[in-house]
Structure formats: structure tokens, C-alpha cells
Amino acid sequence: MKLLLNVIDGPEKGKSFELKVGTYILGRSQGEIRLADKKISSRHCEIHVSKSECWIEDLNSTNGTFVGGSQLREKRQLQNLDILTVGLSRISINLFEDIAQAKNEIDLEIETKPEAPEKEKTEAAQEPLDVDAQANFETLHQPSTDLPKADSLYRETGVVRIGSLIESELETLSKWDHPAQADDSEPSFIPKVKVILKIRKAPGDLSEIVCTQPVTSIGRKDVDVRINDLDLSRKHCAIEIMAGTQVMIRDLGSTNGTYLNGKKISTQEVKNGDLIQIGQSLLEVLIQRS
């Protein structure tokens with residue numbers, strides 16, 4: 001089993017780590033996997049990779065470890081294509097088998113397979129052919145000047161066939177073995193819900209914010225939705241629709257923080273009727289399902 005971690009969002013977006021069998025610490029300043037993310041603890045979480053599965057455990061981090069939007073409360077098994085959130089960073093999980101190791105094991109098995117006893121091979125070689133079979137054999141084995149020399153003929157065996165299949169499999173998986181960084185600007189799912197943020201209090205005349213895209217960023221500048229609130233950061237927070245139905249709010253490293261129902265959060269699932277406070281603005285969550 002191998003594990004590939006791709007950082008798809010955060011201060012070190014584009015960075016990747018390939019993990020083989022073993023135990024790894026992910027943190028800001030300690031461990032084998034280090035990310036320059038100020039919201040990640042020094043020793044944030046631990047990832048264990050075995051021959052057949054992978055597990056993750058939070059190490060009492062300050063801001064928590066999230067898998068698929070749910071905060072880890074205990075050790076949990078990772079699944080292929082899970083999204084891991086630590087601090088301001090989102091990391092995609094890619095699990096795959098070590099095909100090269102499997103090839104070596106098959107080759108070793110073929111090499112150590114015992115041959116047929118010498119007596120059986122001798123008897124088979126001495127077994128006479130009937131007349132018709134002998135004629136067919138001689139016809140098929142007439143020498144021809146159009147054929148290459150005998151010592152250059154390719155002789156296909158069971159080992160060659162198995163080797164060819166494995167090489168083909170390796171070639172097919174090689175592109176996935178070290179995939180290019182995903183472009184999260186084009187998600188693979190279509191949201192099945194619409195999120196409406198009713199403005200209960202905010203500067204300006206904005207009455208509501210409608211979120212229908214997988215990610216809607218909110219702030220004062222360079223975002224999808226701009227609010228003229230001087231207490232907001234340029235990029236303050238984002239509403240994310242995960243797997244088409246689950247709604248999350250994520251703070252984008254804002255100066256004054258993002259609050260859900262009066263509690264400061266980094267990443268948290270939101271429900272119908274929740275209240276979001278950012279700067280001087282108060283927003284009520286309304287989730288409409290299609």
C-alpha cells in the first residue's frame with residue numbers, strides 16, 4: 001500500500017508527499033510531513049500506513065483534524081479520495097497498491113516453481129506420434145528462408161505472458177502513481193443544495209448571499225461575494241458544499257475570526273438556522289435542497 005498526499009488548498013498548495021509502509025507525523029515544525037501553515041500545531045496528527053490500510057489520529061492539536069468535514073475524535077481509517085483538513089490546508093488522499101512490489105513477488109514465485117521430474121520429461125519426449133500427427137509436425141516445421149534464424153526467434157512462455165501483463169498494468173498506473181496536482185476550480189460534483197445567507201446586520205444594502213457553487217468566498221476584496229465591512233479581511237471566509245450536500249464554513253485566516261453561533265471556528269459544518277458572525281456582519285443560514 002502507498003499513500004499520496006496532495007495539498008489542494010492552503011499556504012503550500014501544490015505540495016505532495018508519497019508515503020510507504022510506516023508511521024508519519026504531520027506538523028508545522030516537527031515530523032516527517034511539514035507544512036508552513038500557522039494554524040497547524042507543531043505535532044498535529046499521525047498517519048500510519050500498513051500493507052493493506054491507512055489510519056489517521058489527531059495528536060491533541062489546537063484547531064483539530066477533519067476528514068470529510070467531520071472532526072476526528074478517535075483513530076480513523078482513511079479511504080481513497082478522502083479530503084483531510086488541517087489548519088488552513090486541505091489535502092486529498094490517494095491510496096494505491098505497490099504494483100512494482102507485486103511484480104517482484106510474482107517473478108520470485110515463478111522462478112522458485114519446481115520443474116517436472118526428469119523422468120516425466122524424458123517419457124513425454126519419447127512418446128511416439130501417430131502417422132498423421134507426424135506428417136503435420138514435419139509440415140509445420142519445414143525450414144523457410146523467410147524466417148529469422150532460430151536463435152533469434154521469440155519464444156513466448158507463461159513467464160513472459162505474466163510479465164507482459166504486469167508491465168502493461170504498471171504503464172497504465174504510472175500516470176496515477178504520481179498524478180499532477182488537481183485543479184480544484186472544477187469540482188467533480190454538482191451541488192444538490194442552495195445556501196442562502198440572510199443578512200441580519202451588515203453595512204451597505206446587501207440583503208442576502210446566495211451560494212450555489214461548491215466554494216463561495218466572502219470578504220472585502222478578491223472574493224466571490226464582497227461586503228463593505230471594514231472589520232472583514234480581504235478574504236475572510238468561504239462557504240463550501242461538500243459531496244453536493246454537506247455545507248461547511250471555513251475561515252480563510254482572517255484577522256478578526258469567523259464565528260458560528262457565537263463560537264470561533266476554523267472549519268465547521270453549518271445547519272439551517274445557524275448564525276454566522278464576521279466583522280460587524282451577522283448572517284443567518286438557510287439551506288434549500290433540490
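Predicted model: local features only at pLDDT ≥ 70, side-chain atom pairs only at ≥ 80, totals over all residues.
**Exercise 1. Describe the open sheet formed by five strands, and determine which strands stand at its edges.**

*Solution.* Five strands build an open sheet, arranged in the order 4-3-5-6-9, with mixed pairing. The edges are held by strand 4 (33–34) and strand 9 (76–77); each has a single partner strand, so one side of each lacks a neighbour in the sheet.

**Exercise 2. State in which sense strand 6 and strand 9 pair, and identify the bridge partner of Ile 56.**

*Solution.* Strand 6 comprises residues 54–58. Its pairing with strand 9 is antiparallel and extends over two bridges. For Ile 56, the bridge partner in strand 9 is Arg 76.

**Exercise 3. Characterise the second largest pocket by volume, lining and residue classes.**

*Solution.* The volume of this pocket is about 380 Å³. Its lining consists of 20 residues, of which Asn 63, Lys 264, Ile 265, Ser 266 and Thr 267 are the closest to the centre. Next, consider the strands: strand 18 (258–260), strand 19 (263–265) and strand 20 (267–269) each contribute at least two lining residues. Strand 19 contributes the most, namely three residues. By class, the lining of the second largest pocket contains 11 polar, five charged and four nonpolar residues.

Notes: Residues numbered from 1 in each chain as written. Heavy atoms only, no water. 1 Å grid on protein atoms, 1.4 Å probe; cavity = no way out; pocket = protein on both sides within 12 Å on 5 of 7 lines; lining within 4 Å. Points joined across faces, edges and corners; volume = space filled by probe spheres on them. Helix = DSSP H or I, 4+ residues; strand = E, 2+ residues; numbered from the N terminus. Nonpolar A, V, L, I, M, F, W, Y, C, P; charged D, E, K, R; others polar. Pairing = 2+ DSSP bridges.
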